[in-house]
Amino acid sequence: MQGAFSIKAREFDLDATMYSGQTSQPPWHEKGKYYSELLMIDDKPALVTIKQTHDKLHVKVESPEKVHLSEVKERINYIFDLKFDIEAFYDFLYSYPPLDSIVDYSRGLRLFLAKDAFECIISSIASANCSIRRWTRAIGNMKRLWGQGYVFQRGTFYSFPSPDVLAVLDDDSLRAAGLGYRAKYIIGTSKKITRIKLDGMDYDEAFRLLLELPGVGPKVADCILLYGFRKLEAFPVDVWIQRIMEHLFKVDYKHLRDFARDEFGEYAGYVQLYLYNYARKSGILGGV
DNA sequence: TACCAGGTCGTAT
DNA sequence: ATACGACATGGT
């Protein structure tokens with residue numbers, strides 16, 4: 001089955017979003033501005049290929065089974081958070097010096113939300129103290145090694161392995177995939193995760209629960225909640241956020257998370273996204 | 001060669 | 001409670 005449609009996508013930069021390093025998943029497979037990835041639509045495998053032109057997102061779908069294009073559309077809208085009123089967010093930033101200057105650095109950047117919550121949890125654990133390049137490569141390795149492969153015209157694509165598959169792996173195999181010392185955390189989390197349901201929970205409840213998973217500290221928990229569950233009040237504090245917040249607000253590291261929630265509320269997650277990008281790309285913190 | 005990468009954990013104060 | 005070193009491994 002094949003299909004195609006387009007989505008209106010104003011104030012959206014697909015390339016920037018795809019390569020912004022959000023820990024929901026690695027960037028999709030790119031072939032000359034066409035991005036492809038395997039999505040499960042009502043438990044049916046579908047290869048989704050997207051390309052942006054101006055304010056439009058062109059979507060192609062290929063599947064061995066019949067999938068509803070409306071479901072795919074809803075899924076794409078969700079993954080790139082296309083229904084988020086980003087102009088209202090910009091208005092918020094413009095009215096909030098010193099944040100008014102960061103918009104121009106990341107215009108069109110949106111959340112890159114998880115297509116698979118478990119993949120996001122493992123990606124977030126893998127990203128700790130690790131370069132984006134390395135953890136995205138490691139996740140790709142895991143998919144090829146232990147995920148399920150589906151053959152399409154564009155090639156073979158793999159799902160992210162399920163918790164029960166990862167739970168019985170040995171430490172050395174995970175290390176061989178490039179996870180390093182985090183291998184034991186991933187096995188431990190895979191064993192525990194089947195007993196955990198985050199879907200209906202509020203932010204604080206889910207945060208506390210996530211901290212019980214091995215390899216999950218406050219920063220990783222917030223990444224999981226923001227990129228995996230769209231908890232917009234989450235404010236992952238990493239080294240970059242620490243530096244830029246100290247530079248802009250002079251708030252002590254320990255209070256950053258609470259400060260952000262109080263100050264930014266439901267925009268905390270997006271503020272973090274834009275600050276992270278700004279801190280890394282602007283060079284304002286000196287080189288890098 | 002050291003040092004850094006979207007931090008967390010275990011141990012010692 | 002808070003502070004500090006260890007931790008895999010690849011890139012510069």
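**Exercise 1.** Find which kind of contact joins the side chains of Asp81 and Arg230, and where the two residues lie.

*Solution.* The side chains of Asp81 and Arg230 form a salt bridge, with N to O at 2.8 Å; the term stands for a side-chain nitrogen of Lys or Arg within 4 Å of a carboxyl oxygen of Asp or Glu. Distant parts of the chain are linked by this pair: Asp81 sits in the loop between α2 (69–79) and α3 (86–94), Arg230 in the loop between α11 (218–228) and α12 (239–248), 149 residues apart. Helices (H or I, at least four residues) and strands (E, at least two) are DSSP runs, numbered from the N terminus. Next comes burial: under 20% relative accessible area is buried, over 50% exposed, and in between partly exposed (1.4 Å probe, protein chains only). Asp81 has 4% and is therefore buried, whereas Arg230, at 27%, is partly exposed.

This is a predicted model, in which local features need pLDDT of at least 70 and side-chain atom pairs count only at pLDDT 80 or more, while totals for chains, interfaces and linings use all residues. Residues are numbered from 1 along each chain as its sequence is written, chains are lettered from A and ligands numbered from 1 in the order in which they are written, and side-chain values use heavy atoms, with hydrogens and water left out.

**Exercise 2.** Determine whether Asp222 and Arg257 are buried or exposed, and which contact they make.

*Solution.* Asp222 and Arg257 form a salt bridge whose closest N and O atoms are 3.5 Å apart. The pair joins helix α11, which holds Asp222, to helix α13 (residues 256–264), which holds Arg257, across 35 residues. Asp222 is buried because its relative accessibility is 0%. Arg257 also counts as buried, at 19%.

**Exercise 3.** State how many salt bridges there are, and describe the one between Asp15 and Lys33.

*Solution.* The count is eleven salt bridges. In one of them, Asp15 pairs with Lys33, the closest N and O atoms being 3.4 Å apart. Asp15 is in helix α1 (residues 14–18) and Lys33 in the loop between β2 (29–31) and β3, 18 residues apart. Asp15 is partly exposed at 27%, and Lys33 is partly exposed at 41%.
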